[in-house]
Amino acid sequence: MKKTDLLLKLNITDAFDGFIPSEESKLWGWGGDSPILGSFVSELKPAVIVDVGSWLGLSACNFAFNVKQQELKNTTVVCIDTWLGSLEHWTLPELKEHLKLKNGYPNFYQDFLSNVKKANLEDVVVPLPVPSSIGTEILKHA
């Protein structure tokens, strides 16, 4: 499903419209750069890829890169996360700085958007900043 069609079905605007990426954001994570994600895209050629727990966007960018590389014009990567951080981010002093709290609120979402935009993959990515249970319900209506 094309990103524009999904946005229409969900009645939401594109999170990347007018967004200016931060130069400070860093694309990284655990296992999100695995080549197996590209193999899944190649083999399944899905209409929609749902990346739950997208965090800073490494796996989302891997999926989106492969979608574009394989010229799957009708595939969108939906990223579901609250972008509020994990328990470890809130309780371990060495990880708390990663929250980049602004007025008491984490900035992971801004970093995620920045990473996707800097990778020039925003044309196939739709972020849903909600808990996974709500994201599932939202997608049922698409």
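Helices and strands are DSSP runs, numbered from the N terminus; a helix has at least four residues and a strand at least two. Please keep in mind that this is a predicted model.

1. Start with Glu122. Glu122 sits in the loop between α6 and β3. Buried means under 20% relative accessible area. Glu122 has 17%, so Glu122 counts as buried. Leaving aside residues up to four places away in sequence, Glu122 touches Lys3, Phe16, Val116 and Lys117. Now compare sequence with space. Glu122 and Ala64 are 58 residues apart along the chain, and their C-alpha atoms are separated by 8.5 Å.

2. Lys3 leads on to helix α1, which covers residues 3-10. Which residues of α1 are buried? They are Lys3, Leu6, Leu7 and Leu10. Seen down the axis of α1, these buried residues fall within an arc of 100°, so they line one face of the helix. An α-helix has 3.6 residues a turn, so residues three or four places apart point the same way.

3. Look at both sides of α1. Thr4 and Leu8 are exposed, on the face turned away from the buried side. The cover over the buried residues includes β2 (76-80), β3 (125-128) and α7 (132-140).

4. Phi of Asn11 is near 55°, a positive value in a residue other than glycine. Asn11 is exposed, because its relative accessible area is 70%.

5. The other case is Trp83. Phi of Trp83 is also positive, near 55°, and again the residue is not glycine. Trp83 lies in the loop between β2 and α4 (87-91). Is Trp83 buried or exposed? At 2% relative accessibility, Trp83 counts as buried.

6. The largest nonpolar core has 24 residues. Val67, Val77, Cys79, Phe112, Val116 and Val125 have the most contacts inside this core. Helices α2, α3 (58-69) and α6 (108-118), together with strand β2, each supply at least two of its residues. Which element gives the most? Helix α3 does, with five residues. Apart from this core lies another, of eight residues, including Leu6, Leu7, Ile80 and Val126.

7. Take Val67 as one example from the largest core. Val67 touches Val41, Ile49, Leu72, Thr75, Val77 and Val124, if residues up to four places away in sequence are not counted.

8. Ser59 is a residue of helix α3. Its relative accessibility is 15%, so Ser59 counts as buried. What does Ser59 touch, beyond residues up to four places away in sequence? Its contacts are Gly32, Leu37 and Asp51.

9. Ile36, Phe40 and Leu44 make a nonpolar patch of about 300 Å². Ile36 belongs to helix α2, residues 35-44. Partly exposed is the class between buried, under 20%, and exposed, over 50%. Ile36 has 45% relative accessibility, so Ile36 counts as partly exposed.

Terms used:
Residues numbered from 1 in each chain as written. Predicted model: local features only at pLDDT ≥ 70, side-chain atom pairs only at ≥ 80, totals over all residues. Heavy atoms only, no water. Patch = residues over 30% accessible without salt bridge, like charges linked within 9 Å, V, L, I, M, F, W, Y side chains within 5 Å. Areas by Shrake-Rupley, 256 points an atom, 1.4 Å probe, with all protein chains shown as cover. Salt bridge = Lys/Arg side-chain N within 4 Å of Asp/Glu carboxyl O. Buried < 20%, exposed > 50% of the residue type's maximum accessible area, 1.4 Å probe, protein only. Arc of directions from axis to C-beta. Contact = heavy atoms within 4.5 Å. Core = buried A, V, L, I, M, F, W, Y, C linked by side-chain atoms within 4.5 Å.
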